Amino acid sequence: MGFTWSVPRPHTFRDAYLDWSRLLGKRLDALPPERPDSGAEYEPIFVALQTGTDPLAARQALVDALAASTVLLMDPHETQALQARIDDPATHATLPDEYALYRKVGTPDSEHASLFDVLDTGVPVRLEEAPAAVASAPATAAEAIPPGTPIVAIIDDGVGFLNARFRKFVPDGTARTRFHAVWLQALESRSTEGGVLSGQVLNAADIDALLPLPEDATYARLNRALGGVRTRPALGAQTSHGTHVLDLAAGADPLDEHDPVRDWPLIAVQLPSETIDDTSGMWFESYMVQGLRWILRRAAEIDAAAPVIVNLSLGITAGPKNGTRFVERQLAREARVWEEVTGQPVRIVWSFGNSYRGGLLCGFDLQQGAEAQAVVRVQPDDMTASFVEFHPRNATTGDLALSVTAPDGTTTGFLKLQPGEIVSLEDKGTSIARLYHVPERPAGADGVEAAHYTLALAPTKQRKPREEVAQPGAWTIDVRQDGDAEVCVLCQIQRDDALGGSLMRGRQAYFDHTGAYGWSKTAASYTQPQDDCPVTPSGCHNALVTTAARQVFSCGAAVWTPRHPVPTHANFAPAFYSAQGSEWTVATPTVSTLVDHGAFSGGTRGSGTLSSSARRLGGTSAAAGRLTRALGLSAGLIAANAQNPATTQTDDLDPAALDLFEVDEVRRSRLGAYIVVAQGSGPGADLPV
């Protein structure tokens with residue numbers, strides 16, 4: 001093969017991940033068997049209206065633009081919210097005029113600059129001209145719930161909404177669902193109303209009608225209708241992530257009249273399988289934002305004063321990790337603003353991450369003229385793209401020179417790219433690797449997401465014959481500091497491990513260094529980075545947990561290590577995978593919950609996809625599920641604290657319903673302030689017997 005690096009050149013892109021993924025996707029589509037090139041490409045965008053002094057006129061102008069334009073489309077849920085604000089401008093008058101839209105690819109921001117500002121864009125989708133055959137039923141009236149009852153919601157992959165753990169029995173003995181609504185998202189299609197439809201919404205009456213039917217056959221039928229035969233069935237396996245996490249968060253025996261959890265209303269958003277199978281985590285971002293906005297509106301239909309607790313056991317490993325990434329910032333903003341404007345308390349629970357031993361982060365402190373080297377081991381048989389990010393701290397990208405060397409020795413030599421420039425490793429004009437200089441971009445009203453470098457690599461295994469692939473092995477990145485002051489360069493590898501059942505098998509790249517293989521007493525293996533090793537677990541947490549907000553929690557995972565006859569903080573240790581905070585990003589998770597009971601427990605038992613099945617799930621996803629339940633048990637305290645802005649996250653944890661074991665300072669970077677243990681029985685009972 002004759003690989004050569006191109007010369008640096010300007011390139012128009014908003015996001016390196018989106019640009020590289022779209023390039024690889026279009027290249028794959030062009031290979032036989034070719035995908036029919038029908039329909040137009042639209043990109044999801046999130047916008048803020050130019051309201052000026054007349055918000056009502058700005059909203060109506062958006063409605064008029066949607067009716068008159070073929071380049072702008074809107075989801076029916078967003079359309080309903082927009083129209084409701086036009087019909088009743090007094091209700092929620094101070095809620096921001098921000099909306100999710102779809103825009104034809106290639107349309108410049110300037111075309112609608114007088115109407116709105118574009119805050120973020122997502123992965124483009126191809127919309128067929130024919131309208132979608134699947135429609136959503138009208139919303140049904142919600143049953144009244146007792147005061148103090150929490151509403152639990154989840155955004156995840158594979159939520160088994162027919163499972164008996166999410167049912168209740170009414171006085172006549174009939175089984176009913178506890179779900180107020182479930183949004184089964186799918187890749188977008190044209191709606192019969194002329195907009196964009198993402199999947200199907202099932203309301204409580206729709207789900208009740210499905211309860212007598214076989215669960216597996218019902219899930220299979222819905223998957224065929226929403227995703228087709230080429231889509232991984234989210235509920236087609238014995239274990240599904242969302243089902244298990246939601247069971248830990250709010251599952252209950254419908255016959256146990258003593259369990260308060262069995263009466264908690266539920267709401268769920270099941271993300272499109274394709275977005276979960278995108279191992280970088282970029283694809284699901286726009287769906288998550290739309291999903292949370294929909295959840296809050298549906299929760300208000302149940303009880304506009306009830307605390308809403310939303311579980312987000314998802315994440316990525318690389319990013320600025322300073323609160324400037326759009327998706328995490330916007331999700332936190334949606335929760336905060338909704339609570340401020342409506343008075344309804346909202347809590348978001350993130351998993352803190354499972355990458356403590358992943359070798360996905362390294363850092364260098366460089367003086368003027370100093371050089372350092374990062375070696376990225378890219379594995380063979382990887383059917384997904386790999387990404388590495390380089391973020392300078394205390395300096396700008398203009399102070400850095402980078403040199404990228406492929407496994408065969410082909411190198412760029414040291415170079416300095418200008419913002420918006422790229423350099424590609426090519427074979428006869430086909431790029432198999434690309435280094436982006438990502439310019440800074442606005443991050444809310446008072447900040448920016450700083451400029452940085454992103455190295456993007458093609459898969460190392462062909463997905464179709466004749467597809468160009470990247471070389472597996474050692475990709476070497478040399479970094480030189482040309483500025484005047486000392487700078488810390490943070491190098492991070494993006495998540496690339498695929499979920500079970502994924503159609504695209506991802507294999508995780510990692511940083512390699514001779515000092516990364518010291519003896520670990522915990523793991524009983526040579527996997528512990530030594531003190532002078534640049535590869536470090538410090539700051540290896542989920543990159544979406546760094547926005548500081550009263551409404552947002554992150555949760556680490558603890559393991560039970562009995563040392564005393566009476567439970568104390570000494571009986572708990574960080575699970576071997578549970579991530580670590582750092583002083584340069586988030587110092588600690590908020591708290592941790594107990595997931596593992598010894599080295600061989602395999603996680604926490606919860607429901608499988610189908611009723612009466614059980615599986616074990618480890619990781620901080622399970623921990624976040626348990627924290628969600630703990631917050632639900634503390635709903636009365638959360639409602640009271642919503643009136644007191646001086647309270648903190650840990651003030652929400654009710655000591656009357658929970659045992660709180662304070663963590664010593666030495667271990668807080670991985671465990672947070674407390675180990676939270678729910679009292680009682682069922683999945684919320686954490687202590688072993």
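This is a predicted model: local features need pLDDT of at least 70, side-chain atom pairs count only at pLDDT 80 or more; totals for chains, interfaces and linings use all residues.
Two packed helices are described by the angle between their axes and the distance between the axes. Take helix 6 (residues 241–250) and helix 10 (residues 619–633). Their axes come within 6 Å. They cross at roughly 35°. The crossing is right-handed.

Which residues make the contact between helix 6 and helix 10? Helix 6 brings His 241, Val 245, Asp 247, Leu 248, Ala 249 and Ala 250. Helix 10 brings Ser 621, Ala 622, Gly 625, Arg 626, Thr 628 and Arg 629. Sorted by class, this contact has five nonpolar, four polar and three charged residues.

Four strands form an open sheet in the order 21-27-19-29. The pairing is antiparallel. Strand 21 (400–405) and strand 29 (510–512) are the edge strands, and each of them pairs on one side only. On average, neighbouring strands of this sheet are turned by 30° against each other, with direction ignored.

Strand 29 pairs with strand 19 (residues 371–378) over three bridges, in the antiparallel sense. Tyr 510 in strand 29 is the bridge partner of Arg 377.

**A buried glutamate**

Glu 426 sits in strand 22 (residues 421–427). Is Glu 426 buried or exposed? Its relative accessibility is 17%, so Glu 426 counts as buried. The cut-off for buried is under 20%. Leaving out residues up to four places away in sequence, Glu 426 touches Gly 2, Phe 3, Thr 4, Ser 6, Arg 9 and Ser 431.

Arg 466 is not a glycine, yet its phi is positive. Ser 612 is not a glycine either, and its phi is also positive. The table sets out their values.

| Residue | Phi | Loop between | Relative accessibility |
|---|---|---|---|
| Arg 466 | about 80° | strand 26 (452–457) and strand 27 (473–481) | 62% |
| Ser 612 | about 70° | strand 35 (604–607) and strand 36 (614–617) | 83% |

Why does Arg 466 count as exposed? Arg 466 counts as exposed because its relative accessibility is 62%, and the cut-off for exposed is over 50%. Ser 612 is exposed too, with a relative accessible area of 83%.

Key: Residues are numbered from 1 along each chain as its sequence is written. Side-chain values use heavy atoms; hydrogens and water are left out. Axes are lines fitted to C-alpha atoms, for helices over the stretch in contact, and angles run from 0 to 180 degrees between N-to-C directions. Helices (H or I, at least four residues) and strands (E, at least two) are DSSP runs, numbered from the N terminus. A crossing is left-handed if the near helix is turned anticlockwise from the far one by less than a right angle, and right-handed if clockwise. Contact means heavy atoms within 4.5 Å. Ala, Val, Leu, Ile, Met, Phe, Trp, Tyr, Cys and Pro count as nonpolar, Asp, Glu, Lys and Arg as charged, and the others, Gly among them, as polar. Buried means under 20% relative accessible area, exposed over 50%, partly exposed in between (1.4 Å probe, protein chains only). Two strands pair if DSSP finds at least two bridges between them.
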